[in-house]
Amino acid sequence: MKKILVIEDDRVIRENILKLLKAEGFDVTGAENGAQGLNAAVSNLPDVILCDVMMPQLDGYGVLAALRSHPVTATVPFVFLTGKADRSEVRQGMELGADDYLTKPFSKAELVGAISSRLKKQAALAQQHNLRSSSELVQDAADKLEQIKTSLCGALEREEFQVYYQPQINVQSGKIMSAEALVRWLHPEKGLISPAEFIPAAEETGFIVQLGEWVLRTACKQMQVWQNAGFSLQQVAVNLSPRQFHQPDLSSRVAQILAEIGLEASSLELELTESLMVEDAESAIATLQQLKDLGVSISIDDFGTGYSSLSYLTQYPFDTLKIDRCFISNITDGCTNAAIVKAIIEMAHSLCLEVIAEGVETEAEKDFLWRYECDAMQGYLFSPALPAVDFEQLLVEGK
Ligand code: C2E
Ligand code: MG
Ligand code: MG
């Protein structure tokens with residue numbers, strides 16, 4: 001089934017298009033603003049994107065520029081939806097690399113026709129691409145990685161990084177309880193680059209230590225601002241990569257940052273992945289204990305995707321377990337994921353761990369988690385990661 005992403009801030013228009021395309025047999029996703037659209041494009045990789053030109057904050061041009069410079073979405077067919085046949089608007093879109101445009105209001109035949117011709121063109125291109133040798137493709141990927149590594153150095157001074165915040169919601173109350181800090185790299189030419197792409201590169205070069213410390217400091221400062229403003233946010237969660245975790249003076253660096261900012265250690269949670277636990281258990285436990293002694297909470301991220309030796313859950317001083325999003329999707333189809341998630345929640349609770357479900361995208365998934373007493377959730381159903389100002393707006397609205 002071909003996937004179509006519709007980025008349109010007007011709810012009525014968006015829902016109309018989604019309904020029309022669904023009836024035509026497409027797998028459709030809607031996004032109500034540019035930032036949400038970008039996130040959905042990178043994570044779902046649609047076959048065609050339809051995007052409104054005029055939207056507040058990140059408009060259609062910004063979305064297109066970011067998509068075109070992101071290696072994962074660079075070639076996804078992009079169709080602009082313009083309000084009127086304004087030639088300069090259309091030209092600007094096409095110059096930025098749009099493939100087609102539709103002038104609102106358009107008929108169902110025009111809409112479906114534009115999508116079909118994009119899909120046909122894409123299929124022809126894919127065939128050509130497959131003719132390229134696999135060694136060429138491997139070389140391309142290696143070149144890309146080298147480019148990323150080179151431009152990472154200096155990106156911090158050039159202030160190209162931003163920290164976005166994704167709300168973590170209390171499942172029972174439906175209110176925001178905490179935020180996960182997720183770094184974003186806005187490259188001046190390449191646009192938004194996904195952390196899934198540059199974090200491994202930064203880890204390889206060692207740059208992650210510097211970047212990670214900047215993220216930690218930025219997130220702690222932001223948390224302090226929100227607490228001072230009176231928002232009842234419990235914690236900010238910051239991801240730690242293996243290389244960061246293995247710094248010999250990690251706990252004293254964290255303590256120093258908290259002291260400099262004046263943030264309570266209990267307001268900080270550090271997220272680690274399972275892979276860290278298998279290497280040198282004894283020193284990992286010692287480091288975790290030092291962090292716990294400061295008063296910082298520890299969560300185990302992407303649970304279930306790594307080595308999954310359950311014995312470590314009893315040996316390590318974790319507070320929270322985050323169920324990876326691969327177990328959450330299809331949870332309601334009565335398949336094995338449902339059984340796994342139920343078992344993880346029960347097991348975590350009997351070990352006195354709090355449970356957060358990642359990647360919650362539908363009401364049905366939320367209802368399932370509510371029924372099985374999962375403590376918290378995060379995912380596009382509630383909100384993608386947002387810039388601090390937009391996250392704050394959610395807090396102001398009392399969400
Ligand atoms: P993670 O820590 O597991 O973060 C969750 C990822 O899932 C984020 O992707 C988030 O945007 C995405 N996500 C959230 N809700 C949904 C949903 O409902 N559906 C789908 N499909 N995806 C959802 P993001 O921001 O691209 O980050 C990817 C990974 O990069 C993170 O996975 C984390 O491992 C790493 N990362 C991000 N920021 C940092 C950082 O500051 N430091 C370190 N060391 N790693 C980071
Ligand atoms: Mg995380
Ligand atoms: Mg995760």
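**Parallel strands and a ligand shell**

Val238 stands opposite Leu270 in strand S10, where strands are DSSP runs of E with at least two residues and helices runs of H or I with at least four, both numbered from the N terminus. This is a predicted model, in which local features need pLDDT of at least 70 and side-chain atom pairs count only at pLDDT 80 or more, while totals for chains, interfaces and linings use all residues. Residues are numbered from 1 along each chain as its sequence is written, and chains are lettered from A and ligands numbered from 1 in the order in which they are written.

**Strand S10 and its partners**
- Strand S9 (residues 235–239) pairs with S10 in the parallel sense over 4 bridges, pairing being assigned if DSSP finds at least two bridges between two strands.
- S10 and S11 also run parallel, joined by 5 bridges, and Glu271 stands opposite Ser299 in S11.
- Because 5 of the 6 residues of S10 (residues 268–273) are buried, this strand is largely enclosed by the rest of the structure; buried means that 20 or more other C-beta atoms, placed from the backbone, lie within 10 Å of the residue's own.

**Surroundings of ligand 1**
- The shell around ligand 1 holds 26 residues, the closest being Val183, Pro195, Ser241, Gly379 and Tyr380, with a residue counted if its C-beta atom, placed from the backbone, lies within 6 Å.
- Strand S7 (176–187), helix H7 (195–205), helix H8 (208–228) and strand S11 (297–303) each supply at least two shell residues, and H7 gives the most, with 3 residues.

**The chain as a whole**
- The protein chain contains 17 helices and 15 strands, and buried residues make up 37% of its 399 residues.

Definitions and conventions
Buried ≥ 20, exposed ≤ 12 C-beta atoms within 10 Å, placed from the backbone.
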